[in-house]
Amino acid sequence: MSQKPPDRARAIQSKTKKAFDRIAHMTAHMAENRAFLAHLQREPQTSFAETLKRFQARFAAYRRNWHDIPARALREKLHGSILKQEGIVPLSVDLELSAICDLACPFCYRQHIATPDKLMKKSLVNTVIDQAAAMGVPAIKFNWRGEPLLHPYLPQAISRAKQAGILDTIINTNAVTLTEKKSRALIESGLDLMIYSFDGGAASSYEGMRPGRFRTNTFQAVYANIRRFAEIRAEMGAEFPRTRIQMLLTTETFSEQESFSRLFSDCVDDVSVKAYTERGGCLADLDEASRRKLKEFFQDTKLPDSTPYWRDMDGNLFVSKNRIPCEQPYQRIMVGYDGRAAMCCYDWGCEHPIGYLSERAIKNGEADYQAALKASKNGAKGYELIKDLRLPHPHITPPPVVQSLEEIWHGEIINKVRKKHLDGDIEAVMVCRMCPFKETYNWQKVKL
């Protein structure tokens, strides 16, 4: 008998009165999608109406598959060669154009895991885009650990992806350097979704959560960038990119949800909040009264104080009953700036690499990470707020050979991880042990 997949809590919750429906909007405006237009240019003899329906159906299927394929994999224990036989490809490639970031957020992994201030070479960007398109990958997100606006090739990379047939192009950005010139270039590139990270409903909380690394970062300047982008998009008569903004729920920001929503409800398509995930910053996400009640609950139920918990935007508390298999090994693949591939966005130091797409990663090894550690110890510019670093601790070393995206996706290393998750042996994968990703826990609501 097949196993019923668990219900997963989603740590991102919309504050918009009517949550923005991406599938409905994208299908309604598919005629403006640059991938669709590029296809018509290449094959002008094809039927506009039939091609449009095919692209709309493909997008809807990609979004359904984001959760349906992992759920099916769990039910049917799918891993190994069956994925290749059934044509199951990554639904997204997260391509790290920039590993450098211009902020020193206290909650970021960058505060304790050495992270190189590096950019991906244009040739590797192009190679991965072309390989993803050849596999039929529907989406590319052009960032991972760093700030994508810091790579000058970003608009051209998005344009190349759309010309190659990538349906959905995405970036997460802090919007610090979202100038008018960059805004227009992103709109013209065919970018489909831009997700802003903006923590705080007031200047004091925002500036405490998002200090600048190289120069002072201010609430007002970034707020103005975001509002101006909305104006430029309207001036250009563009439907894309759609925009979403996210705020982490900490003790300081929890009470600012309504002010955060008011700030952006008229200039961003979807306003959302995200449960705080501990990444080494040791920020408080519960007020004193809630912490006391949670501690009493742990004592009453004889659960250890280390039991994972989280609080949603309505103040409901949840504690973990057990771990559940992760969806990410069936959804996406991360490609770092040097061509090192990872299977999870939470594997910040790429401590469980699954292969190499470039010689750069093989030849450089850990040199770039060691350089970041040295810069931190020497108090180099940009490291004044980044002091207590460690090197990543790789738990596995892939064979030192360059492989294709397809070879890595169907490779032995990632399939071993999939098998461990399907067997319920998640803790045996070192990088998955105690992972803070909310979607990998089976939560129960705490009655307080």
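This is a predicted model: local features need pLDDT of at least 70, side-chain atom pairs count only at pLDDT 80 or more; totals for chains, interfaces and linings use all residues.
**Exercise 1.** Find how α7 and α9 are oriented to each other.

*Solution.* 
Step 1: Look up the geometry. Helix α7 (residues 180-189) packs with α9 at an angle of about 50 degrees, and their axes are 10 Å apart.
Step 2: The crossing of α7 past α9 is right-handed.
Step 3: See who touches whom. From α7 come E180, S183, R184 and I187, and they meet R228, F229, I232, R233 and E235 of α9. Sorted by class, this contact has five charged, three nonpolar and one polar residue.

**Exercise 2.** Decide whether C350 and M434 are buried or exposed.

*Solution.* 
Step 1: Locate C350 in the loop between β11 (340-342) and β12 (355-356). Its phi is positive, near 50 degrees, and C350 is not a glycine.
Step 2: Buried means under 20% relative accessible area. C350 has 2%, so C350 is buried.
Step 3: Locate M434 in the loop between α17 (412-422) and β13 (441-445). M434, also not a glycine, has a positive phi of about 60 degrees.
Step 4: Exposed means over 50%. M434 reaches 53%, so M434 is exposed.

**Exercise 3.** Find which residues the cis peptide bond joins.

*Solution.* 
Step 1: Look for an omega of about 0 degrees; the bond between F240 and P241 has it.

Key
Residues are numbered from 1 along each chain as its sequence is written. Side-chain values use heavy atoms; hydrogens and water are left out. Helices (H or I, at least four residues) and strands (E, at least two) are DSSP runs, numbered from the N terminus. Buried means under 20% relative accessible area, exposed over 50%, partly exposed in between (1.4 Å probe, protein chains only). Axes are lines fitted to C-alpha atoms, for helices over the stretch in contact, and angles run from 0 to 180 degrees between N-to-C directions. Angles under 35 degrees count as roughly parallel, over 145 as roughly antiparallel, 65 to 115 as roughly perpendicular and the rest as oblique. A crossing is left-handed if the near helix is turned anticlockwise from the far one by less than a right angle, and right-handed if clockwise. Contact means heavy atoms within 4.5 Å. Ala, Val, Leu, Ile, Met, Phe, Trp, Tyr, Cys and Pro count as nonpolar, Asp, Glu, Lys and Arg as charged, and the others, Gly among them, as polar.
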